[in-house]
Amino acid sequence: MSKEIYLYTAGLFWSEKAKSVLKRLLNRQLRGPRAVQDSLFEGLRELDRSFLLNFKLRHFVDSVGVLSNARTLAWVLQQKSKGLIGKVIAGPNLVVTPKDEGGVLESPLIDKIIVPSRWVKDYYEKISPGLENKIFIWPAGVLAPSQNRANKVYDFFIYNKLRENELPEKIMEELRAGGFKVGNIEYGKFKQADYFKILEQSKFLIYLSKSESQGLAMFEAWARNVPTLIWDRGFFEKAGVKITGFAASPFLDPSAGMRFKDFQEFKDILSEFMQTNFEPRQYVLLNFSHKICAQKYLDIVNA
């Protein structure tokens with residue numbers, strides 16, 4: 001019986017690893033899945049728990065976690081069918097819907113499925129009711145760096161992931177008309193280091209996105225003690241399937257910020273938002289450190 005933790009990613013295959021390198025060179029967004037993996041690895045190290053990554057099995061192991069890549073999951077399931085694996089835990093970065101990649105996530109060989117948040121769990125279960133008792137929620141952790149007391153350049157900074165939507169421009173005009181210093185970035189058009197620098201220079205972050213499976217960019221703002229005001233329609237819809245829930249801000253806590261559903265509500269709550277004494281960094285430190293989240297992953301594996 002093995003005591004090591006066996007984890008698998010896209011790096012199991014050289015061709016998949018090469019694709020990841022190429023996408024990074026082309027400046028395509030791969031940061032989410034990689035950040036999730038790195039958080040778990042760092043947390044396990046902090047817990048002093050050894051793990052083996054993309055290990056070619058030669059003997060029976062109790063449990064295997066597949067963190068990313070449907071091809072890697074298919075390989076692991078083959079090993080289980082050969083009697084080399086006792087339990088397979090799949091997720092969180094594998095597919096967009098349970099029907100993708102030939103429905104590999106619906107395989108009866110999978111014992112547990114990990115997703116980042118409640119709305120993703122609800123969405124999966126609505127599409128594939130047979131998964132109802134298999135799905136567990138696990139968000140990754142983030143690093144909370146030492147606090148930077150640098151002067152703030154921006155009152156508000158807008159993180160925009162919307163396309164062909166007038167909301168970002170309307171919000172920017174409203175804030176500038178109120179005399180606030182406002183900046184903005186568009187998803188996919190900046191480097192991570194630039195985003196971190198912007199957070200250090202900003203009093204508040206306004207986050208505009210239709211959906212976030214976890215929302216690591218929000219967590220990174222909270223870790224730097226930047227409160228967030230988040231647009232959230234209160235639902236998610238894809239391929240004719242609709243679920244209600246906070247799909248754009250699944251982990252927003254009252255200590256970290258507020259949400260609004262439309263431009264009118266944004267105007268209505270702006271003053272309250274600015275006057276509230278938020279503590280987003282403390283929220284992260286108490287709930288989403290690498291170590292805390294790694295332990296929660298182990299709890300799911302061992303349950």
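Biologist: How many aromatic pairs does the structure hold?
Modeller: This is a predicted model. The structure holds 24 aromatic pairs.

Biologist: What makes phenylalanine 41 and phenylalanine 51 a stacked pair?
Modeller: Two values decide it. Their ring centres are 5.1 Å apart, and a pair needs centres within 6.5 Å. Their planes stand at 15 degrees, and stacked means under 30 degrees.

Biologist: Why is the contact of arginine 118 with aspartate 122 called a salt bridge?
Modeller: The N to O distance between the side chains is 3.8 Å. The cut-off is 4 Å, from a side-chain nitrogen of Lys or Arg to a carboxyl oxygen of Asp or Glu. The pair therefore qualifies as a salt bridge. Side chains of opposite charge can pair when their charged atoms come close.

Biologist: Which helix holds arginine 118 and aspartate 122?
Modeller: Both lie in helix α5. Four residues separate them, about one turn of the helix.

Biologist: How many salt bridges are there in the whole structure, and what is the count between domain 1 and domain 2?
Modeller: The whole structure has 12 salt bridges. Between domain 1 and domain 2 the count is zero.

Biologist: How do you know that domain 1 and domain 2 touch?
Modeller: Contact means heavy atoms within 4.5 Å. By that test, 20 residues of domain 1 are in contact with 22 residues of domain 2. Six residue pairs between the domains are in polar contact. The two domains bury about 1,700 Å² between them, 65% of it on carbon and sulfur atoms.

Biologist: Which elements supply the side of domain 1 that touches domain 2?
Modeller: α2 (31-46) and α5 (118-127) each supply at least two residues. α5 gives the most, with six residues. By class, this side of domain 1 has 11 nonpolar, six polar and three charged residues.

Biologist: What is the form of the peptide bond from glycine 91 to proline 92, cis or trans?
Modeller: That bond is cis, with omega near 15 degrees. Proline 92 lies in strand β4 (residues 85-93).

Biologist: What is the phi of asparagine 225, positive or negative?
Modeller: Phi is near 65 degrees, a positive value in a residue other than glycine. Asparagine 225 is in the loop between α8 (216-223) and β10 (228-231).

Key
Residues numbered from 1 in each chain as written. Predicted model: local features only at pLDDT ≥ 70, side-chain atom pairs only at ≥ 80, totals over all residues. Heavy atoms only, no water. Buried area = accessible area lost by both parts, 1.4 Å probe. Polar contact = N/O pair within 3.5 Å; in protein donor to acceptor, adjacent residues only side chain to side chain. Nonpolar A, V, L, I, M, F, W, Y, C, P; charged D, E, K, R; others polar. Phe/Tyr/Trp six-rings, centres within 6.5 Å; stacked < 30°, edge-to-face > 60°.
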